[in-house]
Amino acid sequence: WAAYGVTAKKWGLELKTVPSAGALYPLDIYAVVGAVKGIPAGVYHFQSGPHALAKLVAGDKRLAAARAALGQMWAAEAPVVLLITGDYARSSVKYGKRGRRYTHMESGSVAQVVFLQAEALGLRAGIIGAFSDRQLVQALGLPAGHEPLLLMPVGYGR
């Protein structure tokens, strides 16, 4: 919820935990779950409206995500890896080429909130921006148009 949950409903819009240019919310949040008590391993899409996880792919895909992250295998050790994706069309419909920039700015806001929430819960989070987009999309079964922007392994520190 902290990453992209709904905080209020105003003007016919669902407002979320981070600022969004024009309240267009061009991001999607995925959880690559491997070792989380009570949640079977798999790739889940966060549904902000109902505050729910929708299973996209079954099975532990953390190793595949780490391999796609140019072999940063430390990421596979985290119980969950969050993936922030952007759908540039959502913001570009109003802002043209600048929509890409606004999407990137918003992903940074989400990452910061995840870092803060992890710390508040006694967890640790990391951030990865180096990965093969194509390999990550294929490994995690992402829908078309959901461009990977950031990976965030989350778990307990050493």
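In the predicted model, strand β8 makes the greatest contribution to the lining of the second largest pocket, supplying three residues. Strand β7 is, with β8, among the elements that each provide at least two residues of this lining. By class, the lining of the second largest pocket consists of seven nonpolar, three polar and three charged residues.

Strand β8 spans residues 147-155, and eight of its nine residues are buried, so the strand is largely enclosed by the rest of the structure. Pairing with strand β6 (residues 80-86) is antiparallel and involves seven bridges; within it, Ile84 lies opposite Leu150 of β8. Strand β7 (residues 124-125) also pairs with β8 in the antiparallel sense, through two bridges, and Ala125 has Val154 of β8 as its bridge partner.

The largest pocket has a volume of about 680 Å³. Of its 26 lining residues, Trp1, Val80, Leu82, Leu121 and Val154 are the closest to the centre. Two or more lining residues come from each of β3 (27-33), β5 (52-58), β6, α3 (98-120) and β8. The greatest share is that of β3, with four residues. The lining of the largest pocket contains 23 nonpolar and three polar residues, and no charged residues.

Conventions: Residues are numbered from 1 along each chain as its sequence is written. This is a predicted model: local features need pLDDT of at least 70, side-chain atom pairs count only at pLDDT 80 or more; totals for chains, interfaces and linings use all residues. Side-chain values use heavy atoms; hydrogens and water are left out. Buried means under 20% relative accessible area, exposed over 50%, partly exposed in between (1.4 Å probe, protein chains only). Two strands pair if DSSP finds at least two bridges between them. On a 1 Å grid over the protein atoms alone, a cavity is a set of points where a 1.4 Å probe fits but cannot get out, and a pocket is an open set with protein on both sides within 12 Å along at least five of seven lines; lining residues have an atom within 4 Å of a point. Grid points are joined across faces, edges and corners, and a volume is the space filled by probe spheres set on the points. Ala, Val, Leu, Ile, Met, Phe, Trp, Tyr, Cys and Pro count as nonpolar, Asp, Glu, Lys and Arg as charged, and the others, Gly among them, as polar.
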